Amino acid sequence: MNGPSIPTTPTTPPADAVLPERSPLAPAPGTLIGSHYDECFGCGPHHPQGLQLTAVAGEHLDVTARFTVKPAHQGGPGLAHGGVLVSALDETLGTLNWLLGAPAVTGRLETDFVRPVPVDSVLHIHARVTGVHGRKVYSAAEGRIGGPDGPVAIRAQALFIQVKLEHFTTHGRPEDVRKILDDPDQIKRARAFEVNP
Ligand SMILES: CCCCCCCCCCCC(=O)SCCNC(=O)CCNC(=O)[C@H](O)C(C)(C)COP(=O)(O)OP(=O)(O)OC[C@H]1O[C@@H](n2cnc3c(N)ncnc32)[C@H](O)[C@@H]1OP(=O)(O)O
């Protein structure tokens with residue numbers, strides 16, 4: 001008879017996953033990772049209902065981010081909507097791909113909601129790469145309230161899949177793609193992937 005099975009999910013890195021070096025193009029540790037797209041719901045600085053999340057590169061394959069819950073983000077009265085909190089973690093986890101120097105999209109995101117998050121709270125998020133296996137990037141994040149060392153309110157594990165830049169230019173609504181290609185400054189972070197539209 002075999003021993004107890006170790007629970008795994010598609011977001012748990014396999015034993016032969018690796019932790020690569022930071023990309024030479026990665027933002028330096030401690031620097032703000034700018035928005036990749038002004039109209040992004042997660043990080044776009046001018047999106048009126050967006051999260052306007054800001055992220056800072058960590059020393060390793062990790063980032064810290066902050067998101068202030070606004071009244072537009074309510075689910076229950078005075079409380080953050082769970083889906084909005086998931087968006088904040090998804091956005092932060094997505095930012096890790098700038099440290100790896102390759103674009104990737106979320107394939108799977110598993111979330112545990114641990115405690116309610118009131119409006120006006122600042123969610124302090126820490127996310128890190130837990131392994132890379134081929135095109136698959138495994139990562140984990142947690143969001144705390146009341147300060148960076150406050151209690152955990154939400155945690156997640158994710159599987160991102162690396163894609164070519166054509167993923168975005170092929171599938172995006174044409175007028176938005178055209179606008180971006182006409183104004184490469186809009187995709188500031190994409191420069192880290194050496195975009196040559
Ligand atoms: C300009 C810069 C802007 C950059 C902008 C960045 C924006 C970031 C925003 C935050 C992040 C997001 O929300 S991104 C938006 C939300 N996500 C999406 O829209 C993704 C929609 N899904 C897709 O486009 C596709 O399903 C992909 C790309 C994920 C995978 O398609 P594919 O490329 O054909 O790859 P495929 O062969 O199917 O899968 C590759 C491997 O991954 C595994 N795999 C794939 N999906 C899953 C899954 N859900 N759960 C488990 N495993 C999966 C497969 O089994 C396979 O394993 P094996 O056989 O190799 O073992």
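Mentor: Let us begin with a term: helices and strands here are DSSP runs, a helix having at least four residues and a strand at least two, numbered from the N terminus. Please bear in mind that this is a predicted model.

Trainee: With that term in hand, in which loop is Asp 120 found?
Mentor: Asp 120 is not a glycine, yet it has a positive phi of about 80 degrees. A residue counts as exposed if 12 or fewer other C-beta atoms lie within 10 Å of its own; Asp 120 has 11 and is therefore exposed. Its place in the chain is the loop between β4 and β5.

Trainee: In what order do the elements of the protein run from the N terminus on?
Mentor: The secondary structure comes to three helices and seven strands. Read from the N terminus, the elements run β-β-β-α-β-β-β-β-α-α.

Trainee: What radius of gyration does the protein have?
Mentor: The C-alpha atoms fill a box of roughly 60 × 45 × 30 Å along the principal axes. For the secondary structure of three helices and seven strands, the globule rule gives 16 Å for 197 residues, and the protein comes close to that value, so it is as compact as a globular protein of that length. The radius of gyration is 17 Å.

Trainee: What share of the contacts with a separation of 6 or more joins residues 24 or more positions apart?
Mentor: Buried residues make up 33% of the 197 residues. As for the contacts with a separation of 6 or more, the share from residues 24 or more positions apart is 66%.

Trainee: Which strands stand at the edges of the sheet?
Mentor: Seven strands form an open sheet with antiparallel pairing, in the order β1-β2-β3-β5-β6-β7-β4. An edge strand has a single partner, so one side of it is left without a neighbour in the sheet. The edge strands are β1 (32-33) and β4.

Trainee: Which residue of β3 stands opposite Ala 57?
Mentor: Strand β2 (residues 54-57) and strand β3 (residues 62-68) run antiparallel and are joined by four bridges. Opposite Ala 57 stands Val 63.

Trainee: How many bridges join β3 to β5?
Mentor: These strands run antiparallel, β5 comprising residues 122-133. The number of bridges joining β3 to β5 is seven.

Trainee: Which residue takes a positive phi in the hairpin of β5 and β6?
Mentor: The two strands pair in the antiparallel sense over nine bridges, and Val 129 stands opposite Ser 139 in β6. The hairpin has two residues between the strands, and a positive phi near 60 degrees is taken there by Gly 134.

Trainee: Is Gln 52 buried, partly exposed or exposed?
Mentor: Gln 52 is found in the loop between β1 and β2. It is not a glycine, but it has a positive phi of about 50 degrees. A residue is buried if 20 or more other C-beta atoms lie within 10 Å of its own and exposed if 12 or fewer; Gln 52 has 19 such neighbours, so it counts as partly exposed.

Trainee: With which residues is Pro 151 in contact, leaving aside neighbours within four places in sequence?
Mentor: Pro 151 lies in the loop between β6 (136-144) and β7. With 10 other C-beta atoms within 10 Å, Pro 151 is exposed. Its contacts are Arg 115, Arg 144, Ile 145 and Gly 146.

Trainee: Which residues does Val 163 touch, not counting those up to four places away in sequence?
Mentor: Val 163 is found in the loop between β7 and α2 (166-171). Its 16 C-beta neighbours inside 10 Å make it partly exposed. The residues it touches are Pro 103, Ala 104 and Val 105.

Trainee: Which element gives the most to the shell around the ligand?
Mentor: The ligand is surrounded by 20 residues, the closest being Pro 10, Gly 94, Val 105, Gly 107 and Arg 108. At least two shell residues come from each of α1 (82-100), β4 (104-113) and β7 (152-162). With four residues, the element that gives the most is β4.

Key: Residues are numbered from 1 along each chain as its sequence is written. This is a predicted model: local features need pLDDT of at least 70, side-chain atom pairs count only at pLDDT 80 or more; totals for chains, interfaces and linings use all residues. A residue is near a molecule or strand if its C-beta atom, placed from the backbone, lies within 6 Å of it. The radius of gyration is taken over C-alpha atoms; the globule rule is 2.2 Å times the number of residues to the power 0.38. Two residues are in contact if their C-beta atoms, placed from the backbone, lie within 7 Å. Two strands pair if DSSP finds at least two bridges between them.
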